[in-house]
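Morning, everyone. Please put the sequence and the 3D view up on the screen, and we will walk through it together.

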Amino acid sequence: MFTVFGKRIRLFRPRSIWVRRVVQWVFFLLIAFISVNHTLAESGAGIPVLSSASLHAVCPFGGVETLYTFAADGLLVRKIHDSSLVLAGIVLLLSILFGPVFCGWVCPLGTVQEWAGKLGKRLFKRRYNHFVPARIDPVLRYVRYGVLVWVLYITAMSGTLIFESYDPYFALFNFWSTEVAWSALAILGATLLLSVFVERPWCKYACPYGAFLGITNLFRVFSIKRAESTCKADGACSIMCPMNIPVDAVKVVRDHQCISCLECTSEAICPVAKTVVFSTGGVK
Amino acid sequence: MTLTSKPLALIVLVMLLGGIAFSSSMGWWTTESSKQPATFEEGEFAGQANPADIRGSYTFGDIAGSFAVTPEVLAQAFGVTGEDSSAFAIKELEAIYLESGYEIGTASVRLFVAYYTGLPFETADQDIYLPRSATDILLSLGDLTPEQIGYLEKYTIPTGITAATLEPAVGLSPLPVDSSAPASTEYSVKGKTTFGELLSWGVSLEIIEGIIGAPMPDPAMTVKDFASAGGLDFETLRPALQMEVDKVKP
């Protein structure tokens, strides 16, 4: 706020949802410590105060992968534990209330992609995150549902975590282990490389868990809402959206790709107060 | 109702961490398996542990806790020995046999345990390999079906491939898995010869039991110890057993 010719003028400065970054760091470090401690514990050198659970035990997607086996036989898929089911339940509840906040606030693979994306933003400025042709991009966004169906099918048929061999999340926190397949490491490498051009490429095009949680965008309780009556139609919300959702073209964001990061809201990029909000109920 | 980032952050943290704490207090939060395989739910084997549910994190000791097979037999079958074979984790097998070119791992142990204990196990459409030492023990039991014998003939790794040149697991040493090169280089029955060795050399269970006049004890037990425990003279058993060994290993 400053004064020009006797008038008080407020300059708009885009803000960031800094608390989201704090939460992302917390979960990244937590999972990293658990994963390292699991390796140490296997050789008898684990740190007692830390959990030495396996990465599978603290991954909520495992709870989704094992659902068929659990329903059909009352068993869990190998390497999956009850904790995965608990986490899957909590994350599903969070998603029904607030959309896929797990993707935008918790998932360490999403966090790492964002970190790689900072380099891309520096290199390509406004071109960053706009490399994929608009003709094919919407179609590619549905590929992750194909991945989801494939993962659920092969897991149900085999009773084993076959997806582990292709999972960049498993590779990220076990790259030092002989348990990681080269295919998973290659996919992790490709994801990080593509993140320099496209924001969250794995989340957008391939993540089966993101696809699963994305469905909750259709009926979630809290949604991103835009008040047309106060909207200046500057398109800032759409430009800022990491998932390229045209927020300025809708009143309520129901896009299956929304990750509830809040970067499009009036708390962050939107210059008009109470115009893009995260709320229940209707908007003007 | 409108939410901003800080309350949302708090809700996410509280629901995730609080949910874990709550489930933990309810006993739902388990991050390790019980090391006990699931049991058959119906049929002739209802209530018995299912070999198909053996997992890579199990040790030979864990398996012995659920199935009628000792850690020593498993160690001998898979060419692993050491001071404490019961602590050997079966997921280590793949590394031991890595250079063999054949996948010997958790599935191999499941197959071995199923055939050894006579429990059902589905092998259709699966390529599960066993080392020669494991196959020899199974064949010596003498109660496999023709289909099972056929499967073993097809999926036993060729003679000559051993684990001997491979890195041992922690505290354990791999043994040769080739039955033509057993732990004792000669096929002679001595004081330290175990019943497991007799089986692996090809002497059938029935013949052994016929000679000792009793059900075969733990395969890890030496013939001499068995004789002492039963008040028998080892030297009366040894020639008969040696004769049978000579028949199968001339």
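In what order do the elements of chain B run from the N terminus on? They run β-α-α-α-β-α-α-α-α-β-α-α-α-α. That comes to 11 helices and three strands. Helices (H or I, at least four residues) and strands (E, at least two) are DSSP runs, numbered from the N terminus.

Some ground rules. This is a predicted model, where local features need pLDDT of at least 70 and side-chain atom pairs count only at pLDDT 80 or more, while totals for chains, interfaces and linings use all residues. Residues are numbered from 1 along each chain as its sequence is written, chains are lettered from A and ligands numbered from 1 in the order in which they are written, and side-chain values use heavy atoms, without hydrogens and water.

Back to chain B. It has 250 residues, and 47% of them count as buried. Buried means under 20% relative accessible area, exposed means over 50%, and partly exposed is in between (1.4 Å probe, protein chains only).

Now the surface of chain B. E72(B), E83(B), D84(B) and D218(B) form a negative patch. Patch residues have over 30% relative accessible area and no salt bridge, with like charges joined within 9 Å and nonpolar side chains (Val, Leu, Ile, Met, Phe, Trp, Tyr) within 5 Å. A salt bridge is a side-chain nitrogen of Lys or Arg within 4 Å of a carboxyl oxygen of Asp or Glu. Asp and Glu count as negative. Take E72(B): it sits in helix α3, residues 71-77. Its relative accessible area is 36%, so E72(B) is partly exposed.

Next, cysteines. How many disulfides does a search of the whole structure find? Zero, over all chains. A disulfide is a pair of cysteine sulfur atoms within 2.5 Å. C231(A) is partly exposed at 22%, and C270(A) is buried at 7%.

Last, backbone angles. Most residues other than glycine have a negative phi. L262(A) has a positive one, about 70°. K274(A) is positive too, near 55°. L262(A) lies in the loop between α13 (236-240) and β4 (276-279) of chain A. K274(A) is also placed in the loop between α13 and β4. Buried or exposed? L262(A) is buried, at 1% relative accessibility. K274(A) is exposed, at 73%.

Technical notes:
Areas by Shrake-Rupley, 256 points an atom, 1.4 Å probe, with all protein chains shown as cover. Charge placed at Lys NZ, Arg CZ, Asp CG, Glu CD.
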